[in-house]
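Notebook open, model loaded. I want to go through the packing, the sheet and the metal site in turn.

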Amino acid sequence: MYNCGPTVYDWQHIGNLYAYLVADFWRRTFELLGYRVTQVMNVTDVGHIVGDADEGEDKMALGAQREHTDPQTLATMYTEQFFVDRHRLNILDPHVVSKATDHIPQMIRLIGRLIDTGHAYVASDGVYFDVTTFPGYGTRLNAELPEERMAGARIEVNPNKRDPHDFALWRRAKPGDLQQWDSPWGRGNPGWHIECSAMSMHYLGDTFDLHSGGEDHLFPHHECEIAQSEGATGKPFVRFWMHNRFLRVDSTKMAKSAGGFHRLSDLESWGFDPLAFRLLALGTSYRKGLEFTREGLAGAQARLERWRGLLAEARQATPPAANAQDDPLRAKFVEAIADDFNTPRALAAAEDAVAMLASPERGDRARALGLLFDMDRVLGLGLREQAERAGQVDPEAIAVLAERERARAAGDYKRSDELREELRRRGYLVKDTKEGQRWERVKSGAPKGSGEAGAEKREVS
Ligand code: AMP
Ligand code: ZN
């Protein structure tokens, strides 16, 4: 699969991150079902013009200007930040991350092929794709060519184009262009659409299974990719096109250009766990998109904490059962995600397993653990790691706990209190019960007001 990646001229907002979460759900679903997945994602570090247009300023140039730096430094920094956010959301790394500026030769070759096959022509300011040579241009993914997005509606018709729908494959460098390369058509830089055609076919072949992006890519980006790739190879380009609807705040598109968007770090500064955002995204279908509200996020966080608390307690009582593969509840989960990635229905199956975690029967709890750890291969909420961690005490704390137990047995309550204080400093709250010491590990970074739910509990005898 090929996921259209970020334009690394600014922070990625939670809307962008939602698109990559969704792609991660798909990849994990395929892997759970036994498919071998090769996931390629590009990083656009040149050629994406503001407004997805042919003329105007390159977003990278704009960002570099804004931050008083060069496009390459800008790209490196925002790519790194993007991966920090991805990792916080447990989004798996693609097998290939391809930077546009590393693939200029592939783009030049593809443009050459389009000229040779008569699909492209050289004009004074660059190379254009001639849409009249590709019947059905603009209507392969869209019912009709979206007229309102036609050239001329928003921007001046370029007299160098034969048809206003024609789109740029190569732009001749303008004085002061920070990014430019040699080509048979003069120094310049590539169009945004040719990048994705060239890189996806380079890594995945002329025809591949799945290509994704947000709904804004339905036109022009993906229609242009189809015209370029199929025009050049004469073969079908992509078997399945997948588009997520947008994450919306107050029902409007969250665009980077509109400013005021939320970043993942904003959610964290409000006290939320990034994985609560992941759980929120699982609660809706990619076909509907996500109506983002703080209340919704708070609900997801409460749900995640409830799950974690129950998982930790169950895990302290029993290891997970090993035969989750044959469980009818797993079948229900798989049936849901295999049905057009119906994550809300899959979550309902997971919730059935969570309910079983509280069962008085140890066997039920083991079964529920086995199921949830398996389902988490798709959910990606770190449930196993979290539950296993909750069952562990670091070795130094174990020694202190043991010393305190001895002090109590010897009736040395002054020492016992000192050691309780010592444990508190190490992040363990100790209580004495009839059965012996009990501890709770107080996680650092637990959101304010999460109280008991943010702590991990365990009995130590
Ligand atoms: P960009 O960096 O603008 O090229 O966007 C990166 C990805 O995020 C693309 O697949 C976009 O379609 C997608 N995207 C942009 N805005 C949103 C949004 N509000 N909700 C969901 N996906 C989005
Ligand atoms: Zn793309």
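**Packing around L379**

I started with L379, which is in contact (heavy atoms within 4.5 Å) with R278, L282, W307, F333, L347 and A350, leaving aside its neighbours within four places in sequence. Before going on, I noted that this is a predicted model, where local features need pLDDT of at least 70, side-chain atom pairs count only at pLDDT 80 or more, and totals for chains, interfaces and linings use all residues. Residues are numbered from 1 along each chain as its sequence is written, chains are lettered from A and ligands numbered from 1 in the order in which they are written, and side-chain values use heavy atoms, with hydrogens and water left out.

Next I looked up the cores. I count as a nonpolar core a set of buried Ala, Val, Leu, Ile, Met, Phe, Trp, Tyr and Cys residues joined through side-chain atoms within 4.5 Å; buried is under 20% relative accessible area, exposed over 50%, partly exposed in between (1.4 Å probe, protein chains only). The largest one has 66 residues, and L379 is among those with the most contacts inside it, along with W26, F277, F292 and F333. Helix α1 (residues 14-32) gives the most to this core, 10 residues. Helices (H or I, at least four residues) and strands (E, at least two) are DSSP runs, numbered from the N terminus. The core takes at least three residues from each of domain 1 (2-244) and domain 2 (264-390), with bounds from an automatic or database domain assignment. A second, separate core of 38 residues includes C4, L110, L145 and F167.

**The sheet**

I then traced an open sheet of 4 strands, ordered β4-β5-β6-β7 with antiparallel pairing; two strands pair if DSSP finds at least two bridges between them. β4 (120-123) and β7 (188-190) are at the edges with a single partner strand each, so one side of each has no neighbour in the sheet. Between β5 (residues 126-129) and β6 (residues 167-172) I found 4 bridges, and G126 has R171 as its bridge partner in β6.

**The zinc site**

Which protein atoms are donors to the zinc ion (ligand 2)? They are C4 (SG), C196 (SG) and H221 (NE2), 2.1 to 2.2 Å from it. Donors are N, O and S atoms within 2.8 Å of the metal (3.2 Å for Na, K and Ca); water is not among the atoms, so sites may look incomplete. C196 lies in helix α5 (residues 192-204) and H221 in helix α6 (residues 221-233), so the pair ties together parts 25 residues apart in sequence. Both C196 and H221 are buried.
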